[in-house]
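Subject: Structure handover

Hello,

Here is the structure I said I would pass on. My notes follow below it.

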Amino acid sequence: RRLKLKLEKVSGNFMTRQGPVPLEMKTLRSENSLLLLLLQKPVRFTFEGVRLKGSAQPGVVGQFSFRAGPSWRFELLGDLNGTDLKELSWVDPQNLSGATGTAKGKFRFVQSSDREAIFGMNLEAPQPGGLLQARFFDVFLPYLPKSKEKEKVTRLVSEGERLVKYRTANLHVEMPSGNRMKILLRIQVLDYNLHLTLNADIRTDSKDAFFQIARILGLIEVKLS
């Protein structure tokens, strides 16, 4: 009667270049009447339990709002809610295969008709940490000056797929504009007594770098089963 939407136990395949990733969502509901879409006013939706199909994890929770019309706007807020890193390995199977550890954090994505996309994420893997492939740390090498620390990382990367123990990790990603991304990554590696910090400011010539990266990963090719 109020033209509100409520869905339960939604499942589908998230299509990536590596193949389909089966996902499920516990609930999705609109907090406002869908009639507001016709009036070009924002409608807010909430969701919970977004996770790999059959997972025992609580899954991602959050909300998003959408305003239709020429001045459209979309905003997404999410909370990883204690997701295990092994459930995120599909993002980069080559480097994240075998990864473990609880991941806590929030992310935000905003896109509108009159401005570039904005993205931000804070991710933390607290103690006791978990495991990562040794070659994952190759990302640090171009940013480290010649030092004993760089020699340690070089030896670590050479071990390839071997899983190494990390104690804590923190990742902050911010995309203040469509052609700029700021990354701050800190991680402690027990096996090599390493405390690594990567602080990068990445700029591209393209104003839609976010969507180009998403296309490369296949993250926007969604098909529901």
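**Salt bridges and other findings**

Asp79 is partly exposed, with a relative accessible area of 23%; here buried means under 20% relative accessible area, exposed over 50%, and partly exposed in between (1.4 Å probe, protein chains only). Please note that this is a predicted model, in which local features need pLDDT of at least 70, side-chain atom pairs count only at pLDDT 80 or more, and totals for chains, interfaces and linings use all residues. Residues are numbered from 1 along each chain as its sequence is written, and side-chain values use heavy atoms, with hydrogens and water left out.

The side chain of Asp79 forms a salt bridge with that of Lys106, at 2.8 Å from N to O. The pair links distant parts of the chain, 27 residues apart: Lys106 is in strand 7 (residues 102-112) and Asp79 in strand 5 (residues 73-79). Lys106 counts as exposed, at 53% relative accessibility. A salt bridge is taken as a side-chain nitrogen of Lys or Arg within 4 Å of a carboxyl oxygen of Asp or Glu. By this rule there are nine salt bridges.

Another of these joins the side chains of Arg73 and Glu75, at 3.0 Å from N to O. Glu75 is buried, at 17% relative accessible area, whereas Arg73 is partly exposed at 28%. Both belong to a network of salt bridges that also takes in Arg108. A further salt bridge runs between the side chains of Arg162 and Glu159, at 2.1 Å from N to O. Arg162 has a relative accessible area of 36% and is partly exposed; Glu159 is partly exposed too, at 29%.

Contact means heavy atoms within 4.5 Å. Gln133 lies in strand 9 (residues 130-133) and is buried, with 4% relative accessibility. Its side chain makes a polar contact of 2.9 Å with the side chain of Arg135. A polar contact is a pair of N or O atoms within 3.5 Å; within protein, one must be able to donate a hydrogen and the other to accept it, and residues adjacent in sequence count only if both atoms are side-chain atoms.

Now the nonpolar residues. In soluble globular proteins, nonpolar side chains tend to be buried together. A nonpolar core is a set of buried Ala, Val, Leu, Ile, Met, Phe, Trp, Tyr and Cys residues joined through side-chain atoms within 4.5 Å. The largest one has 44 residues, and Phe137, Phe140, Val153, Leu156, Ile187 and Leu196 touch the most other members. Not counting residues up to four places away in sequence, Val153 touches Phe137, Leu141, Leu144, Leu194 and Leu196.

On the surface, Leu3, Leu35 and Leu38 form a nonpolar patch with about 320 Å² of accessible area together. Leu35 is partly exposed, at 45% relative accessible area, and is found in helix 1 (residues 35-38). Patches are made of residues with over 30% relative accessible area and no salt bridge, with like charges joined within 9 Å and nonpolar side chains (Val, Leu, Ile, Met, Phe, Trp, Tyr) within 5 Å.

For the chain overall, 36% of the 225 residues are buried.

Regards

Technical notes. Areas by Shrake-Rupley, 256 points an atom, 1.4 Å probe, with all protein chains shown as cover. Helix = DSSP H or I, 4+ residues; strand = E, 2+ residues; numbered from the N terminus.
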